[in-house]
Amino acid sequence: MLENIEEIKQAGLTALVEVKDEDALNQWRVTHLGRSSAIMDVFKNMGEVPKEERGAVGRAANQVKQALEAALTEKMAALHEVALQRSLGEEHLDVTLPGRAIPRGRLHPVTQTLREIYRVFADMGFQVYRSREVETDEFNFQLLNFPPHHPAREMQDSFYIKTDEDRGDNPFLLRTHTSPGQIHAMREFSATDPENPPPVRIILPGMCYRYEQVSARYESQFTQVEGLAVGYKITFSDLKGTLSDFARRMFGQDVQARFRASHFPFTEPSAEMDIECFLCGGDGCSVCKGTGWLEILGCGMVHPIVLENGGYDPERYTGFAFGMGPERITMLRHRIEDIRYFWANDLRFLEQF
Ligand code: PHE
């Protein structure tokens, strides 16, 4: 009986070698594992096997059935592989099909605006100067001629940094504007030749922080680009010419700019520059609130006290400075209504630029 079972296995495996396609394999399955196959007959006729042999015969029959099933699975996989290779050989590759697009990262909209600003000022000979985000009250306010009780110094405007030592009236804080960089830069430049400090022509970009009630118009962090030019005989005309030229290069050759008197402690005189609304061409729309003008930046002639604090003799040197908000410019350009989008990191917003 046991030899008989072994023969059933050999017959099945031998026949399988001849199988060359799926139809033949199905036929093989019916013959060698189907209901009336030799191995199934062994199970069916188990009653006729003497009791003491039944265990051994049953075990052997099970092993053979499993071996045949395993051989079937293996053969099926082999046939599939052959079919696949054949179809790859026959099919043609259409090299004209468009490829699958690879999702690409992109620059943050504010970075794009910043780079445009750098490019325009680089063309005019301004270098980028970076300075720290953590400042002292001295640099952020005192050296910039802020009067002692100026409202910008109050707790509601600045993020002060707690320190173990009591720093008295010179605590650390996060800079509220990029203007303290003016002092750092002038001191570094003037230190190279204290008697005849070299001229300065720089822009100072970077993140600023204010303790604001966050809303659609105010964020507690935002970027600024400061500009500073110091030298002999620099006048308000130079300021106007430089910034009008900047406006034309940034917003279009036909754009008109106007200057309104304003006030900053570190410039005298001070002004704000408006440009003609590029959305309505000056006719008045919701973005310019019907005025036809958009406020773009603050500026002025560097205050003599600030020049002196930077190591430049105000009797011999003059200069101008300006500061602008890239978020605001980006908002105007793309009609973005809420400043909070910029740093919320929502891809649905960022992917639009
Ligand atoms: N620091 C000013 C602000 O934050 C902007 C400014 C810079 C104005 C330089 C004049 C000159 O509003």
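**View 1. Asp-254 sits in the loop between helix H8 (236-251) and strand E7 (257-264).** Helices (H or I, at least four residues) and strands (E, at least two) are DSSP runs, numbered from the N terminus. Before going on, keep in mind that this is a predicted model: local features need pLDDT of at least 70, side-chain atom pairs count only at pLDDT 80 or more, and totals for chains, interfaces and linings use all residues. Residues are numbered from 1 along each chain as its sequence is written, and side-chain values use heavy atoms, with hydrogens and water left out. Is Asp-254 buried or exposed? Asp-254 counts as exposed because its relative accessibility is 68%. Here, buried means under 20% relative accessible area, exposed means over 50%, and partly exposed is in between (1.4 Å probe, protein chains only). Now look for Val-57: the C-alpha atoms of Asp-254 and Val-57 are separated by 100 Å, with the two residues 197 apart along the chain.

**View 2. The protein is divided into domain 1 (2-90) and domain 2 (109-350).** These bounds come from an automatic or database domain assignment. Taken over C-alpha atoms, the centres of domain 1 and domain 2 are 85 Å apart.

**View 3. Here's an open sheet of 3 strands, in the order E2-E4-E3 with antiparallel pairing.** Which strands are at the edges? They are strand E2 (134-136) and strand E3 (160-161), and each pairs on one side only. Two strands pair if DSSP finds at least two bridges between them. E3 and strand E4 (residues 172-174) have 2 bridges and pair in the antiparallel sense.

**View 4. Strand E6 is mostly covered, with 10 of its 11 residues buried.** Strand E5 (residues 200-209) runs antiparallel to E6, and 10 bridges join the two. Along that pairing, Gly-206 stands opposite Gln-224 in E6. E6 also runs antiparallel to E10, joined by 7 bridges. In this pairing, Glu-226 stands opposite Gly-323 in E10. A handy rule for reading such a view: in a regular strand the side chains alternate between the two faces of the sheet.

**View 5. Zoom in on Thr-223, which lies in strand E6 (residues 221-231).** Thr-223 counts as buried because its relative accessibility is 7%. Who are its neighbours? Not counting residues up to four places away in sequence, Thr-223 touches Val-110, Gly-206, Met-207, Met-324, Gly-325, Pro-326, Glu-327 and Trp-343. Contact means heavy atoms within 4.5 Å. With Glu-327 there's also a side-chain polar contact, at 2.7 Å. A polar contact is a pair of N or O atoms within 3.5 Å; within protein, one must be able to donate a hydrogen and the other to accept it, and residues adjacent in sequence count only if both atoms are side-chain atoms.

**View 6. The ligand has 13 residues around it, and the closest are His-177, Ser-179, Arg-210, Gln-224 and Glu-226.** A residue is near a molecule or strand if one of its heavy atoms lies within 4 Å of it. Start with Ser-179: one of its polar side-chain atoms lies 3.0 Å from a nitrogen atom of the ligand. Arg-210 places a polar side-chain atom 3.2 Å from an oxygen atom of the ligand. For Gln-224, an N or O atom of the side chain is 2.9 Å from a ligand oxygen atom. How much of the ligand does the protein bury? Taken alone, the ligand exposes 320 Å², and the protein buries 88% of that. These areas come from the Shrake-Rupley method with a 1.4 Å probe; for residues, only the protein chains shown count as cover. E6, strand E9 (293-302) and strand E10 (318-324) are the elements that give two or more residues to the shell around the ligand. E10 gives the largest share, 3 residues.

View 7. Next comes Asn-145, which has a positive phi of about 70° although it's not a glycine. Asn-145 is in the loop between helix H6 (137-140) and E3, and it's partly exposed, with a relative accessible area of 22%. Asn-345 has a positive phi too, near 55°, and isn't a glycine either. Look for Asn-345 in the loop between helix H10 (326-334) and helix H11 (347-350). Asn-345 counts as exposed because its relative accessibility is 58%.
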